Amino acid sequence: MVRNYTDDPVDANVLNRILDRAQRAPSAGFSQGVSFVVVTDEGRRREIAELAHEDEYLADGFDPWISRAPVHVIICSNRAAYLDRYREPDKGGPDGPAGREEGWPIPYWWVDAGASMMLLLLAVVDEGLAAGFLGSHNLGALSALLDIPDDVAPIGIVTIGHGAVDRRSGSLARGRRADAIHREHWNPSAGD
């Protein structure tokens, strides 16, 4: 994750290739409920930065990375697209369990959005650019600013641009967990 960018713009053809790759993420039932709002307008990016509390990053010694990024991609998910898809005959029909929210032990509209975000981030790196992901606690205001429909939920913002020297997050000092990988089963002594 990058928290500073140069002032160089992102080539439109490069951005289109990135977005094309991001749309190729898995989609439960090929529901295709993930969408993207791409913002390049400088004034609108500043408004997004304000909604995302960029002033707090600045107070903590970070650069104005949100407003400076030449591209913002807001990843969105539409829960209804999944429920509607799973009401179709090949997925259980109108009375099938997955046609109701409680029929989804894992809400794949969020899983698919995360997969799309990861493809977006990887595509950015493949194009020699840099990206950062941030959440916003003002999702309602973000939706209003960008005219996102009520049935579509923004999940966060990916900033894209040419990376500049930045201040690394203090969270990185935690290092990677040594116990994140489990082989064959969770408890290594269970096989003894």
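**Exercise 1.** In this predicted model, find the salt-bridge contact between R85 and D90, and work out how exposed each partner is.

*Solution.* Start with the distance: the closest N and O atoms of R85 and D90 are 2.7 Å apart. A salt bridge requires a side-chain nitrogen of Lys or Arg within 4 Å of a carboxyl oxygen of Asp or Glu, so the pair qualifies. Next, take the accessibility of each partner. R85 has a relative accessible area of 15%, so it is buried, the cut-off being under 20%. D90 reaches 54% and is therefore exposed, the cut-off here being over 50%.

**Exercise 2.** Which side chain meets E88 in a salt bridge?

*Solution.* Look again at R85: its side chain meets that of E88, at 3.0 Å from N to O. E88 has a relative accessible area of 37%, so it counts as partly exposed.

**Exercise 3.** Where in the chain do the partners R79 and E101 lie?

*Solution.* First confirm the contact: R79 and E101 form a salt bridge, with their closest N and O atoms 3.2 Å apart. Then place the residues: R79 sits in helix 5, while E101 belongs to the loop between helix 5 and helix 6. Finally, check accessibility: R79 is partly exposed at 36%, and E101 is partly exposed at 40%.

**Exercise 4.** Which residues make the nonpolar surface patch of about 250 Å²?

*Solution.* The patch is made by I106, Y108 and V111. Of these, I106 lies in the loop between helix 5 (79-85) and helix 6 (108-126).

Terms used: Residues numbered from 1 in each chain as written. Predicted model: local features only at pLDDT ≥ 70, side-chain atom pairs only at ≥ 80, totals over all residues. Heavy atoms only, no water. Patch = residues over 30% accessible without salt bridge, like charges linked within 9 Å, V, L, I, M, F, W, Y side chains within 5 Å. Areas by Shrake-Rupley, 256 points an atom, 1.4 Å probe, with all protein chains shown as cover. Helix = DSSP H or I, 4+ residues; strand = E, 2+ residues; numbered from the N terminus. Buried < 20%, exposed > 50% of the residue type's maximum accessible area, 1.4 Å probe, protein only.
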